[in-house]
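Please open the structure in your viewer and keep the selection tool at hand.

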Amino acid sequence: MAEAFIVAAARTAGGRRNGRLSGWHPVDLGASIINALLDRADADPQRVDDVVLGCVSQAGEQSCNLARNVVLASRLPERVPATTIDRQCGSSQQALHFAAQAVISGAMEMVIAAGVESMSRVPMGLPHSLPLQHGFGNYISPNVQQRYPSVEFSQYSAAEAIARAYGFERDALDRFALASHQRASAATHAGKFTAEIVPVPVRVMKEQAANAPHMQDEGIRFDASLESIGSVKPLIEGGRISAASASQICDGASGVLVVNERGLRSLGVAPLARIHQMTVIGHDPVMMLDAPIPATRLALRRAGMKLADIDLYEINEAFASIPLAWLHELDADPERINVWGGAIALGHPLGATGTKLMTTLIHALHDQGKRYGLQAICEGGGQANVTIIERL
């Protein structure tokens with residue numbers, strides 16, 4: 001069977017809402033990643049067959065097939081097609097799956113999978129809230145309402161429900177959040193992110209462009225403490241989860257270059273990783289965020305592996321209760337999860353998070369000399385993608 005290899009992986013450092021990346025048009029931010037991938041693999045732009053790009057809030061500056069506009073803003077020739085996909089928080093992880101499937105099939109040899117999200121310029125929820133405000137209806141149809149009567153599809157409520165179902169008190173959630181900041185801080189001070197980050201100029205919305213490069217994730221609280229995290233009010237009255245134990249709103253872009261054996265030979269470069277297994281499932285859309293648990297079990301079974309075979313895990317920290325529930329259900333080693341911190345500290349740029357986590361996972365495996373990595377992301381609507389890779 002043909003195989004898929006990742007030969008380049010890169011991301012921008014995360015930017016806080018209205019922070020150092022907020023002045024970037026998302027099209028141009030995405031193009032910076034495309035160009036960086038070409039540079040890192042020394043790839044001929046003419047050889048790229050397709051670009052698959054994830055983005056969740058496809059409105060305004062991120063509308064009208066964002067991926068195609070990213071191509072037109074990059075060094076890629078006009079002949080390279082592109083498509084934008086939305087699998088919610090796993091959008092660019094799904095982009096990676098589509099890219100890998102294309103090269104494994106032999107239909108293509110070289111595909112870029114990427115993601116971009118400017119949560120400063122296109123606020124979360126805008127694609128459905130703005131039409132609703134102007135009388136253009138809601139995405140919840142009468143048939144969906146009939147199937148799920150009196151149900152509010154809310155990630156916040158789901159995260160809180162998972163915390164209560166597993167008995168995670170506020171203190172446990174806050175301690176997990178603190179560990180995320182501490183790991184991200186340690187990794188930053190040790191220079192662990194340097195190889196994966198593409199420096200881009202600081203551009204702050206409504207301010208003159210700065211010349212300084214943005215090279216450090218802006219959301220890390222280097223002085224975080226249990227007391228400071230514990231002082232943040234819960235997201236809902238009487239709740240256990242606060243903004244401090246939830247993923248940070250973030251601007252960013254990321255991507256990977258995926259090739260098959262023919263593409264690998266034409267490039268003449270050593271691969272970073274091999275795609276070992278890809279799984280995606282649909283699950284309970286009300287609880288929605290616990291889908292990575294059954295998805296991981298299915299991925300491992302299909303791969304003929306046990307969790308003990310996996311050296312490092314990247315489980316998206318949408319809310320602290322999600323990776324904690326994953327660890328609990330799978331009896332996983334907490335020392336292997338998000339070893340350089342997660343979205344609570346580093347940010348969650350929605351459509352860019354999938355290939356962002358993959359970029360970090362690949363670099364962490366190489367840094368630690370480990371072999372297998374697993375990535376899982378919970379997604380709105382009750383879905384989850386899982387990817388298992390082998391470092392090469």
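**First stop: valine 52**

Select valine 52, which counts as buried because its relative accessibility is 6% (buried means under 20% relative accessible area, exposed over 50%, partly exposed in between, with a 1.4 Å probe and protein chains only). Valine 52 is found in strand β3, residues 50-54; helices (H or I, at least four residues) and strands (E, at least two) are DSSP runs, numbered from the N terminus.

The model is predicted, with local features requiring pLDDT of at least 70 and side-chain atom pairs pLDDT 80 or more, whereas totals for chains, interfaces and linings use all residues. Residues are numbered from 1 along each chain as its sequence is written, and side-chain values use heavy atoms, leaving out hydrogens and water.

**Second stop: tyrosine 156**

Select tyrosine 156 in helix α6, residues 155-165. Tyrosine 156 counts as partly exposed because its relative accessibility is 42%.

Which residues lie nearest the centre of the largest pocket? Select Met119, Met124, Gln155, Tyr156 and Leu350 to see them, among 44 lining residues. On a 1 Å grid over the protein atoms alone, a pocket is an open set of points where a 1.4 Å probe fits, with protein on both sides within 12 Å along at least five of seven lines; lining residues have an atom within 4 Å of a point. Finally, select α4 (126-133), α6 and α8 (226-230), each of which supplies at least two residues of this lining.
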